[in-house]
Amino acid sequence: EKEKLKGLSDVPFENLQERARYLKYIQSHFDQLISSVQITIPHDLNSVSSLSPLQRFMLGCRNYFFSKQTVQNMDETIQNTHAGSRFDVNLDRAKANRLKASNTRDETLRDSMFGQLFRMIHGQKEPRALRDSERIYVTYFKGEGSQDIGGPYNDTISQLIEEVQSAVVPLFVPAPNQAENIGENRETFVINPEMSSQEQLDAFEFIGIIMGVAVRTKNNLSLLLAPTVWKSLIFEEMDIADLKSINECTFQALEVLSNLEQNGVTRENFSEFFDEEFTVVNSAGAT
């Protein structure tokens with residue numbers, strides 16, 4: 001572990017042990033505090049600045065805690081809120097597959113696997129109905145005789161996640177680095193800024209529900225989101241390096257504009273270097 005943390009390479013091992021014991025001591029007291037403090041984040045929260053001072057303090061402490069203890073706390077919470085109930089869903093997989101094969105957008109969110117499940121679950125089921133530790137529903141496919149002992153359920157979740165990273169339900173679009181084939185994180189996706197209607201925002205909320213269910217059921221999702229998306233979800237502050245991680249071209253352009261004089265550009269000769277208008281293209285390709 002020490003080799004992974006270059007900043008600690010010169011710290012004596014005995015000192016590292018002492019620091020670890022100190023952090024463990026702090027975490028034991030923090031665990032007692034967190035159980036008696038309301039830290040629920042508001043549903044309509046827009047930024048970390050809207051959090052209370054205590055919530056911001058707790059979020060700021062998270063990087064100093066041991067992941068093993070954090071996971072243990074989460075597992076205890078999941079176990080204490082477990083509800084062993086499942087509901088039936090009847091899905092038309094053939095219709096969803098036809099849509100997928102044609103790479104056609106599901107405008108009404110009714111024909112894709114995502115759309116069908118979205119209509120059946122979002123706003124229709126109470127949170128308690130989504131707290132089973134294995135799977136939240138039993139799947140029945142129209143015109144098929146499959147028995148759901150886990151396989152069909154996993155198939156629906158896999159197809160749903162694939163759809164939201166495609167043209168079928170484009171909640172997420174390729175990160176700029178993927179589109180330009182340059183820089184880091186070329187395989188990742190970012191939020192589609194064009195998806196802004198109330199129904200589309202509800203669809204994003206449904207993805208959050210699926211992510212929460214995946215945490216409870218310990219099922220991995222092949223959701224290839226860019227680091228900036230994950231950081232936004234956990235209210236972690238970002239800087240210019242995060243822009244570079246998903247949009248190398250824009251980062252380089254800003255670097256040039258931020259250092260004009262070093263590149264020989266002055267007020268007097270600016271027009272010799274730049275004779276075009278400046279426009280911005282978002283992640284969805286819209287100007």
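Predicted model: local features only at pLDDT ≥ 70, side-chain atom pairs only at ≥ 80, totals over all residues.
**View 1. A salt bridge between Arg 119 and Glu 199.**
Side chains of opposite charge can pair when their charged atoms come close. Here the side chains of Arg 119 and Glu 199 form a salt bridge, with an N to O distance of 2.7 Å. Arg 119 belongs to helix α5 (residues 113-121) and Glu 199 to helix α8 (residues 198-217), so the pair ties together parts that are 80 residues apart in sequence. Arg 119 is partly exposed, at a relative accessible area of 29%. Glu 199 is also partly exposed, and its relative accessibility is 31%. By the rule used, the model has 13 salt bridges.

**View 2. A salt bridge between Asp 242 and Lys 231.**
The side chains of Asp 242 and Lys 231 meet in a salt bridge of 2.7 Å, N to O. Asp 242 lies in helix α10 (residues 240-246), while Lys 231 lies in helix α9 (residues 227-233), so this pair ties together parts that are eleven residues apart in sequence. Asp 242 has a relative accessibility of 8% and counts as buried, because buried means under 20%.

**View 3. A network of salt bridges that includes Glu 134 and Arg 135.**
Four residues, Arg 86, Asp 132, Glu 134 and Arg 135, are linked by salt bridges into a network. One of the pairs is Arg 135 with Glu 134, whose closest N and O atoms are 3.1 Å apart.

Rolling a probe the size of a water molecule over the atoms shows where empty space is left. Helices α7 (176-180), α10 and α11 (248-258) each give two or more residues to the lining.

**View 4. The lining of the second largest pocket.**
Which element gives the largest share of the lining? That element is α11, which contributes five residues. By residue type, the lining of this pocket consists of twelve nonpolar, six polar and two charged residues.

Notes:
Residues numbered from 1 in each chain as written. Heavy atoms only, no water. Helix = DSSP H or I, 4+ residues; strand = E, 2+ residues; numbered from the N terminus. Buried < 20%, exposed > 50% of the residue type's maximum accessible area, 1.4 Å probe, protein only. Nonpolar A, V, L, I, M, F, W, Y, C, P; charged D, E, K, R; others polar.
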